[in-house]
Amino acid sequence: LEATSRPGAAFGEAAGSDNDEEIGSEEDAEGTGRGPMAMARRVDISQTQIVLHEDKQYYPEAEEVFGPGVEAIVQEEDTQPITEPIIAPIKVRKFQVDEDMDLPDTTYTKEFLVDLMGYPEMVRNIAVAGHLHHGKTALVDVLVASTHAWPEWDKAAPIATPVTKIQRPNDKAFGFTDIHQLERQRGVSLKAMPISLVAQTTKGKSYALNILDTPGHVNFIDEVIASMRMADGVVLVVDAVEGVMASTERVIRAAVREGLSLTLVVNKVDRLIIELKLPPADAYYKLKLTIEEVNSIIAGCPLTDASLRVSPELGNVCFASAAFGWCFSLESFARRYIDTWGMPTPPKELAKRLWGDIYYHPERRTFMRKRAKGDSEAKRSFVHFILEPLYKIFAQVVGEDEPQLRVVLESLGVELRKSDYAMDARALLRKALSHFFGPPTGLLDMCSEHIKSPLENAVSKTEHLYTGQMDTATATAMRNCDADGPLVVAIAKQYPSADGAQFYALGRIFSGSIKTGQKVRVLGEGYAPGDDEDMALATVTDAWIYCSRYKIPVSGLGAGGWILLGGVDGSISKTATLTDTRVPEEELAIIQPLPLPSESVIKIAVEPVVPTDLPKMLSGLRKIGKSYPLAQTKVEESGEHIVMGTGELYLDCIMHDLRCMYAEIEIKVADPIVAFRETVSETSAVKVFGDSPNGKNRLTIISSPLEQGIAEDIESNRVQSNWPARQMGQFFESNYGWDILAGRSIWAFGPGNDG
């Protein structure tokens, strides 16, 4: 363009020197890439040239997008399944319904609870036991609701226990001691869970209660036995409608065998009114029948005592409806009458006249042992003073509208908000009755009077459980429940942490004091003096007072209390005994292992789906042994890993924990097998013999069935294998007519000392 724009220049002159210079300058510009022609020519080349497929660039490089400091890994083949997220979320392992880290508000300070534990005479160690769905957990809930800030419980409508938990598996309104997710989904307690609280009697005296809420299912009798090892008395919960059931009978027999105090709570009295619609007089007979059923089983137990008899006028029976939030004893109800009318009578005297065949004559205003002739109006005092007012409150709350109901309730001293009257009838019943009866002080009266304190029960508990000599300093301190003596702690249960990674040991302090950082000896069940194979040293890293949904950290605790310990579970399989390192080795002895009344007879074989997961499964099986007292795990000769349990539900819970909590792997399970037990039906037809290795001695054996009753005597310790031959011979001669020499020739019982 420049060449043709100059005037007077011919085309032929373009070959001259001037043009050469121009072309040279253009070439220079093209060489440096700055000329306009160079740009035009480059555009033409880039648009027209052929580019191979592998050289094409459709998307920017990773370095251009993320920057030079980021490492980008390119996989040729997608090996990750589509079901897995590319970046997995952080997995939180939590298998329990725990409260926040903050301790809940209570009607007492936590310091007061810990201080009260230092006075054994002000402590009561209680196991709440009974049949399945008779209301044990609900009864504990009533105690918790009266001492803890628990708004969910206040707002919830009472429904039958299992239905509630199945409908609301994550709701915190029910089952304060049911913290395991599986318990809330199934609607049944599976573990014995402790809770410690301070409650007051009707006189306003405070006691520290250590309560263990036990399962009622027949498969979990091991949890009940472990709880009785910790407790000094049993609160037996019986459904007023169902009465005494199979598990109730087993609990009574176990409590009598352990030498524990027995008290009774007749629960679900509301069912007699709402469901069965019994008249008050018939309801009395039903309640009386339930109490007599309990007494007949107590009387049939070996080694029983007349002092174990339960009866309302003795003060060791309470009536309750845990679903509706009330519980009373005769004395607490009598005190209500005395306070209302200003009567000068002592509550105990009036309470004695409120049960049994004692009639109240309204015209004479007197109590009589029998009904006067022609006096059909006289009613039993229990019906007149307790049941009829109770029926009237139920009828008024269910049947009346707000204006009439408000007048009735306010006359009883129950003041409710206007919004409360709009509630459902069952929720309004709970609100009204829990306000009318107030805190369950009658239950506290019963426990404080009829269940011994750790100090009072120390002698009986020590002589029954301690295997060592009774003339040592350790045994003396245990009998005195001495906080300054040598340390002895009986570990009866182990509880997993919320993530299932470690275990904590729950124990009862028989003597001495335990502190964090203290070195202790851990004596296993197999320990014997002179054989220290089952002994280990451990350091207590943590100590808490365990309250199911929360733990109160403490620096230490003295004799008589329950304590949850961290750092000592390494060598414990089921139960153990902790002692001080200062105790001389010749004085070392253990607390007896749990006397479990049944055996694990159902067994299943397990193996991991992926063989490389075997170490995880073995670790999980060890944790199962710690968590379940009656579970047994072993390896058969064929190499199979066997898990043994008491029943279908027991094994189902074990497999759930193994798969979800402890091993977290897929596990194959074989069909269950029931291990049968044989017996002897008649005397052997042939003799069996065995020769000694040198051939000079021959042992001849026959077997024959025992007389009826001997097996029961052995199991209940009426006769013991360590008796002298003379005493043994006299027992079998006088009771079963044996020859005196035959009785003296008994070698052994088996299996164990009481089999």
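Thr-575 touches Ile-491, Ala-492, Glu-525, Pro-593 and Leu-594, leaving aside residues up to four places away in sequence; contact here means heavy atoms within 4.5 Å. The model is a predicted one, in which local features need pLDDT of at least 70 and side-chain atom pairs count only at pLDDT 80 or more, while totals for chains, interfaces and linings use all residues. Residues are numbered from 1 along each chain as its sequence is written, and side-chain values use heavy atoms, with hydrogens and water left out.

Thr-575 is found in the loop between β19 (562-566) and β20 (576-580). Helices (H or I, at least four residues) and strands (E, at least two) are DSSP runs, numbered from the N terminus. With a relative accessible area of 6%, Thr-575 is buried; the term means under 20% relative accessible area, against over 50% for exposed and in between for partly exposed (1.4 Å probe, protein chains only). The side chains of Thr-575 and Glu-525 are joined by a polar contact of 2.7 Å. Such a contact is a pair of N or O atoms within 3.5 Å; within protein, one must be able to donate a hydrogen and the other to accept it, and residues adjacent in sequence count only if both atoms are side-chain atoms.

Asp-232 counts as buried because its relative accessibility is 0%. Its side chain makes a polar contact of 2.9 Å with that of Arg-508. Burial can also be followed along a helix: in α19 (residues 441-450), 8 of the 10 residues are buried, among them Leu-443, Leu-444 and Met-446.

The discussion now turns to helix pairs. Two packed helices are described by the angle between their axes and the distance between the axes. The axes of α13 (residues 280-300) and α16 (residues 381-399) come within 10 Å and cross at roughly 110°. Axes are lines fitted to C-alpha atoms, for helices over the stretch in contact, and angles run from 0 to 180 degrees between N-to-C directions. The helices α13 and α16 are therefore roughly perpendicular to each other (angles of 65 to 115 degrees; under 35 is roughly parallel, over 145 roughly antiparallel and the rest oblique). Their contact includes Tyr-284 and Leu-287 of α13 and Phe-382 and Leu-387 of α16.

The axes of α10 and α11 (residues 246-258) come within 11 Å and cross at roughly 30°. The helices α10 and α11 are therefore roughly parallel to each other.
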